[in-house]
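Me: I would like to learn how to read this structure, feature by feature. Could you walk me through it?

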Amino acid sequence: MEDLAVTVLEKLSSAAYKDLQIFWNLKDDNERMKNTVSMIKAVFLDAESKANNHQVSNWLENMKDVLYDADDLLDDFSIEASRRKVMAGNNRVRRIQAFFSKSNKIACGIKLGYRMKAIQKRLDDIAKTKHDLQLNDRPMENPIAYREQRQTYSFVSKDEVIGRDEEKKCIKSYLLDDNATNNVSIIPIVGIGGLGKTALAQLVYNDNDVQSHFELKMWVHVSDKFDIKKISWDIIGDEKNSQMDQVQQQLRNKIKEKKFLLVLDDMWNVDRELWLQLKHMLMEGGKGSMIIVTTRSQTVADITHTHRPLLLEGLDSEKSQELFFRVAFGELKEQNDLELLAIGRDIVKKCAGIPLAIRTIGSLLFSRNLGRSDWQYFKDAEFSKMDQHKDNIFSILKLSYDHLPSFLKKCFAYCSLFPKGFMFEKKTLIQLWVAEGFIQQSNDVRRVEDVGHEYFMSLLSMSFFRDVTIDDCGGISTCKMHDIMHYLAQVVTGDEYVVVEGEELNIENKTRYLSSRRGIRLSPTSSSSYKLRTFHVVSPQMNASNRLLQSDVFSFSGLKFLKK
């Protein structure tokens, strides 16, 4: 929100706007709005730190909404300035417009002036409320200083998964069993979110012995909606055929008499009939073929398993501490401060052996480069709040989000526009952040994309992203977001970011960012009240070929604030 306030202040000070404010006698209104926005901007950081308070949270939402409206108003001023400039340079247009120009200028000035006064009244009300909420001035984060304290990253790759050796050995014993009697066997991995079910499946899937044992290896992210055709497309690697008969035949041809390993990641379907339909299509595989199912649901494990489900538990105390200290201390794995280690062990206990929570909190403490007194405060003040929450893992992740600087919060929240399990192309994601204006310009000579790279690496290092793939040059190519992190992004964005699943629209007046998996049409009467700034059509594919589709047809007549 700080960037939005800065944008409004910059536009209020622009040369084009100054010319119009003189022409329409809005100079006093301009100065008043600049002063009010500057005064409110000074308390943003304090307000964000107190956002758990419902009244402060509402204050922030109202402030964000009025700043968006102010930004849209100033864009209209800019458009009017450009229109006047074009008219002034075109004699023919001047003659045609001569009769209407005086009345049009007056009408336009009255309309824009009225909108400006209405926004100013809202700003005044918000400014008064900040005193009631006891919000204090605090300097905003300096993104350059933030980057300087983060010259290394505590990201732990999937090759460094801790405490899962026995589970890996157990699954490998099933997969590599040469005495298997079934054509296809199913091994479910069951556990709550954040325990590392996917990481364990990846560890096994990429094992050299496992890779050489199977003729075909396939990985499909299933998620909430159990769509047999889509799952089949992902297995085949082709979605050209729309007829289910053709898709079924293609799938059978691909796996027929071949020993395959298939991972169905994050499965939620509890409809046994649907599962049996898919299972029947997979029975053509060669003897010894295996399916690994990762799920949070014991019911899913019950309807799918042929082998006894592997019930994944939290890490024990020793392994939890090993993971935490490895992440929290980075390269300084040997830490001699006994008091700091004792505080760290107390913090680890709150994480209940859940690797995602341990990694996230360890990364947060590492990123802040905190000392003993800071760790103590973090344990006593911050972690004590979590006792009020039933869902400890979510509150831990929310705590990590709360400690992000505002310029990283926006980049993380933006990811809520994409489906769960989406594979982000790093380069494309950074370009989208740049296009949205989320990347703060650096004082040095680096390109804005390089600053975006640092934003990405910061989020990755704090476990907001995972499942990275590496390109031929050793750089990060793609990544995913854990389901719980994706849910967190949806929670923190509220109505500001909305994903439309079908053609039915339920868009709030405060919605500014919208995504859909298909083109949608809005009637002129309904769309005139929307304030959308960004719309994406996102491919429904859940594999490495994910890209924003440019070919979908959609109509947004009446959406005058749409920018991207």
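Reply: Gladly! A helix here is a DSSP run of type H or I with at least four residues, and helices are numbered from the N terminus. Asp46, for instance, lies in helix α4, residues 44-49. Please keep in mind that this is a predicted model.

Me: Is Asp46 buried or exposed?

Reply: The cut-off for buried is under 20% relative accessible area. Asp46 counts as buried because its relative accessibility is 5%. Leaving aside residues up to four places away in sequence, Asp46 touches Gln134, Leu135, Asn136 and Arg138.

Me: Which residues have the most contacts inside the largest nonpolar core?

Reply: In soluble globular proteins, nonpolar side chains tend to be buried together. The largest nonpolar core of this model has 115 residues, and the most contacts inside it belong to Trp59, Leu175, Phe324, Trp433, Phe456 and Phe465. Helix α5, residues 54-88, gives the most to this core, with 11 residues. A second, separate core has 27 residues, including Phe226, Ile231, Leu251 and Ile291.

Me: What does Phe456 touch, not counting residues up to four places away in sequence?

Reply: The neighbours of Phe456 on that count are Lys426, Leu429, Ile430, Trp433, Phe465, Ile476 and Cys479.

Me: Now the strands, please. In which sense do β2 and β3 pair?

Reply: Strands of a sheet pair through backbone hydrogen bonds, either parallel or antiparallel. Strand β2 (residues 216-223) and β3 pair in the parallel sense over 7 bridges, and Met218 has Leu262 in β3 as its bridge partner. On to the next pair: β3 and strand β4 (residues 289-295) are parallel too, over 4 bridges, with Ile292 in β4 as the bridge partner of Val263. Together, β3, helix α13 (residues 272-282) and β4 make a right-handed β-α-β unit.

Me: Why is β3 described as largely enclosed by the rest of the structure?

Reply: Look at its residues, 260-267: 8 of the 8 are buried, so β3 is largely enclosed by the rest of the structure.

Me: How many residues of helix α11 are buried?

Reply: Helix α11, residues 228-236, is mostly covered, with 8 of its 9 residues buried. Among them are Ile228, Trp233 and Asp234. The buried residues of α11 pack against β2, α12 (244-255), β3 and α13.

Me: Which order do the strands of the open sheet of 3 strands have?

Reply: The order is β6-β8-β7, with antiparallel pairing. The edges are β6 (424-425) and β7 (466-470); each has a single partner strand, so one side of each is left without a neighbour in the sheet. Between β7 and strand β8 (residues 476-480) there are 3 bridges in the antiparallel sense, and Thr469 stands opposite Thr478 in β8.

Me: How many disulfides does a search of the whole structure find?

Reply: The search finds 0 disulfides. Take Cys415, which is in no disulfide: the nearest cysteine sulfur, that of Cys479, is 7.5 Å away. That distance is too far for a bond.

Me: Is Cys415 buried or exposed?

Reply: Cys415 counts as buried, at 0% relative accessibility. Cys479 is buried too, with a relative accessible area of 1%.

Note on methods
Residues numbered from 1 in each chain as written. Predicted model: local features only at pLDDT ≥ 70, side-chain atom pairs only at ≥ 80, totals over all residues. Heavy atoms only, no water. Core = buried A, V, L, I, M, F, W, Y, C linked by side-chain atoms within 4.5 Å. Buried < 20%, exposed > 50% of the residue type's maximum accessible area, 1.4 Å probe, protein only. Helix = DSSP H or I, 4+ residues; strand = E, 2+ residues; numbered from the N terminus. Contact = heavy atoms within 4.5 Å. Pairing = 2+ DSSP bridges. Right-handed = clockwise from strand over helix to strand, strands pointing away. Disulfide = S-S within 2.5 Å.
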